[in-house]
Amino acid sequence: MRHDSVTCGLHGCLLDEPLIRWRCVAQGELHRSSLPALMAAMATGLVRDFPGLRPHQRHPWHAFLTQLAAIALHRADRTEAWTDPDDWRRGLLALTPGDPDGSAWCLVAPPERPAVLQAPVPGERVADWKNVLRAADELDMLVTSKNHDLKGARARCAEADDWLFALVSLQTQAGSLGAGNYGISRMNGGFASRSGVGVAARGAWGHRWLADTQRLLAQREQIVDDQGYAAEHGHALLWLLPWDGTTSLDMASVDPFYIEVCRRVRLSSAHGRFLAHTTGSKVARLAAKERNGITGDAWTPVETVEGKALTVSAAGFDYKLMSELLTGGRFAHGAAWRLDGWPAETALEVVAQATVRGQGKTEGYHERRVPVSPKLRQLLAGPQRVAVAEMAKQRIVAIAAVRKLVWSAISLLFANGDADARNDGISDRASRFARPFEAQEDERFFIDLALEAEAEEGIRPQERLRWLLGLVDRAETVLVNAFTAGPCSGMQRYKARSAALSRFHGALRGAKPVLPDLAHHYAQLRAAAGAQPEGERS
């Protein structure tokens with residue numbers, strides 16, 4: 001493509017052009033709005049979702065809109081969101097006094113001027129940057145080199161908001177990717193992940209945005225004190241500052257709600273389509289390495305003992321991690337975590353989102369939502385949280401013990417009932433067949449936990465016993481389902497199945513049971529049966 005065919009004037013202004021697609025709560029009809037009109041619609045509860053938003057972009061987009069609203073409202077000395085698009089336009093434009101023509105809110109602007117989420121590069125010839133991207137998803141932060149699960153460079157006919165969402169995703173949640181490609185400040189290292197964990201009312205997108213914006217404003221002074229940020233007039237929109245890739249900003253100079261840019265990128269347009277030019281940097285944009293991701297971010301849990309931001313593993317938000325987040329004392333939560341102060345009957349849920357990365361790869365997008373009833377919310381917000389945490393811990397231990405037992409029984413099945421014949425191949429195969437047990441317990445964990453936690457004090461032991469009995473029944477079903485993959489010849493089949501079932505039930509009822517509480521229940525049943533007159537026994 002000829003460089004003289006590329007346009008770098010002002011183009012794609014978010015303040016005035018209806019570039020962002022969203023759907024309405026009432027009927028789901030599609031709308032297109034400018035950024036100010038969108039924020040007014042969210043403030044009045046009209047916005048259901050964004051059809052152009054990809055799953056891994058959900059949290060970065062939510063965080064971007066929330067931080068932007070909190071910055072604008074604070075600078076305007078307001079605590080309530082505007083409901084008029086003109087007010088939002090004035091509030092946003094006031095954040096960029098050096099660019100009264102709206103350059104800083106355009107997708108395309110001259111290189112020496114800021115464009116949205118693109119730092120100025122005065123004196124540089126962007127056309128000489130070697131990396132040119134012609135699809136919006138090429139710009140995004142996902143690493144899809146093998147091109148298997150998610151194809152890369154598909155969005156070659158992307159709309160303006162596709163490029164906007166890709167910019168937000170790249171600049172606010174990307175990690176390190178080779179020399180010159182530094183990651184964001186809000187995570188613990190270049191191969192970590194930016195978490196999005198909070199409590200929200202179940203409902204439309206705008207409801208959560210409005211609640212989180214209010215929480216940020218309420219916690220602003222505390223975040224400034226804890227993190228040492230600039231109380232007033234700190235750098236808030238970091239794309240306004242020129243960046244040649246050789247200097248880092250001190251964290252003390254930024255606003256507590258700062259919106260960062262971690263990469264040097266500039267958009268341009270050619271023949272009616274956008275394209276992106278990118279290049280590397282010598283240093284990270286923010287000097288935050290020693291913080292280990294602790295930035296006062298509203299949605300990032302902090303491991304208090306180790307002093308670092310949560311890094312989600314490839315397992316995602318499994319029941320063990322979610323139990324810690326919901327009931328444990330391992331993590332300190334950000335401003336978006338609030339269980340108290342809601343109307344009594346508000347239906348809440350814990351929202352947990354993260355795109356997990358490894359070294360040179362992406363290990364999946366993970367999202368989990370756990371409903372929190374009014375009664376459970378009351379327990380978790382008060383001194384009963386410790387008791388609920390203990391219930392969760394006991395259940396995690398029980399699931400681990402039964403999972404190990406299921407694996408052991410299936411291993412014996414695949415070894416044709418011969419305990420000495422097990423090898424690595426049998427062990428790996430048994431692991432595959434045992435995996436559905438833990439997966440199904442993960443899926444139902446918090447539903448079952450809530451039944452025990454919300455029960456009256458005297459009923460809780462019965463509720464726990466009911467769960468243990470169900471746990472064992474579900475485990476035995478997984479074992480029996482593995483019979484089809486065991487030996488098929490008559491003699492070997494009966495020997496293997498009998499040995500597997502004997503190991504399973506023996507471990508539940510033997511001298512050293514894997515679940516002592518359940519073994520005690522079985523013993524009571526046997527004793528009660530033995531105490532019956534002979535004629536009354538079934």
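Analyst: The model is predicted, so to speak of its local features requires pLDDT of at least 70, side-chain atom pairs count only at pLDDT 80 or more, and totals for chains, interfaces and linings use all residues. Residues are numbered from 1 along each chain as its sequence is written, and side-chain values use heavy atoms, with hydrogens and water left out.

Strands here are DSSP runs of E with at least two residues, while helices are runs of H or I with at least four, and both are numbered from the N terminus. Two strands pair if DSSP finds at least two bridges between them.

The strands β4, β3 and β5 form, in that order, an open sheet of 3 strands with antiparallel pairing. Its edge strands are β4 (30–33) and β5 (47–49), each of which pairs on one side only. From one strand to the next, the twist averages 55 degrees; axes are lines fitted to C-alpha atoms, for helices over the stretch in contact, and angles run from 0 to 180 degrees between N-to-C directions.

Strand β3 covers residues 20–24 and is joined to β4 by 4 bridges in the antiparallel sense. Along this pairing, W22 stands opposite H31 of β4. The hairpin of β3 and β4 has 5 residues between the strands, and G28 takes a positive phi near 80 degrees there. On the pairing with β5, β3 has 2 bridges, again antiparallel.

How many residues of β3 are buried? Of its 5 residues, 4 are buried, and the strand is thus mostly covered. Buried means under 20% relative accessible area, exposed over 50%, and partly exposed in between, with a 1.4 Å probe and protein chains only.

The setting of this sheet is a chain with 13 helices and 19 strands. The C-alpha trace spans about 95 × 50 × 50 Å along its principal axes. Of the 538 residues in the chain, 52% are buried.
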